[in-house]
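Trainee: I would like to go through this structure term by term. Please set each value against its cut-off before you conclude anything.

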Amino acid sequence: MDQPADREVPIVDRQGYPQTTARAKRLVYATMTGTDIALYRLDKTYAQLKAEGAKVFQLASAPVRAGDPLTVASVGARYHCTAEAVVPHLREGGYQLNNSIRYTTSDDCAPWHGDSGSALLAPDGTMVVGIHNTHNDDGEQCTDNNPCEVGPNGEVTSTKGRSYGQQVYMITDCLAKGSKLDLSRQGCTPTGAPPRPDHRDSHLGDQDPNHSPQTREP
């Protein structure tokens, strides 16, 4: 965690067309233990991004549940999906992700390679409730690009064409005033494991401390 970064981040408007750019200057936190997330500090504030035409979203504080409608907000495309199930354990290429979101397979819900990292939006279009991260390409079990589900009894299943996302509600309990990441906060369990007492604080950016946790249009 808390490593230097330098990558351009394209930012689109609410219709999905390129609107502006920012640069990720610091990788504040990243993990593939229990989930698949990366938090970057950008070189622009929420106010600056909004002034440049970016849509700024709230970050969910409650989990996605089976039956919830979702929109996968990829750059240049929108996929209209439904959370078919919340999978207790999803394995892929040596990693295990917990409480993953499985989408109902349909013609309207077909995210593919290049869509990973896209925000999952709530029906009202104002809140990010998850992050799209993987898809079973070939029907294989637990290999790269072929995630498998592990049931309570240890049974392993995989289905070609299924897509999955990760929950983000855990992040809000880790954010202090001013969007400061504090892994020692009560209730902060971004990977589902108890926080370690030696974790240091990090800033997500120079956001207005009076704002709620937010994110920008992907």
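Trainee: Why is arginine 26 called partly exposed?

Mentor: Arginine 26 has a relative accessible area of 24%. Buried means under 20%, exposed means over 50%, and partly exposed is in between, with a 1.4 Å probe and protein chains only. Because 24% falls in that middle range, arginine 26 is partly exposed. This is a predicted model, in which local features need pLDDT of at least 70 and side-chain atom pairs count only at pLDDT 80 or more, while totals for chains, interfaces and linings use all residues. Residues are numbered from 1 along each chain as its sequence is written, and side-chain values use heavy atoms, with hydrogens and water left out.

Trainee: What makes aspartate 2 and arginine 26 a salt bridge?

Mentor: A salt bridge needs a side-chain nitrogen of Lys or Arg within 4 Å of a carboxyl oxygen of Asp or Glu. In this pair the closest N and O atoms are 2.9 Å apart, so the pair meets the rule. Aspartate 2 lies in the segment before β1 (3-12) and arginine 26 in strand β2, so the bridge ties together parts that are 24 residues apart in sequence. Strands here are DSSP runs of E with at least two residues, helices are runs of H or I with at least four, and both are numbered from the N terminus.

Trainee: How many salt bridges does the rule give?

Mentor: The count is seven. One of them joins glutamate 149 to arginine 102, with closest N and O atoms 2.8 Å apart. Glutamate 149 is in strand β10 (residues 148-150) and arginine 102 in strand β7, 47 residues apart. Arginine 162 also bridges to glutamate 149, at 3.4 Å. Glu84, Arg102, Glu149 and Arg162 are linked in a network of salt bridges.

Trainee: What separates the two ends of the link between cysteine 142 and cysteine 148?

Mentor: Their sulfur atoms are 1.9 Å from S to S. Cysteine 142 has 24% relative accessibility, so it counts as partly exposed. Cysteine 148, at 0%, is therefore buried.

Trainee: Which residues touch the most other members of the largest nonpolar core?

Mentor: A nonpolar core is a set of buried Ala, Val, Leu, Ile, Met, Phe, Trp, Tyr and Cys residues joined through side-chain atoms within 4.5 Å. The largest has 17 residues, and those touching the most other members include Tyr29, Leu59 and Leu181. Elements giving two or more residues to this core include β2 (18-31) and β3 (37-42). Apart from it lies another core of 13 residues, among them Cys81 and Cys109. In soluble globular proteins, nonpolar side chains tend to be buried together.

How values were computed
Disulfide = S-S within 2.5 Å.
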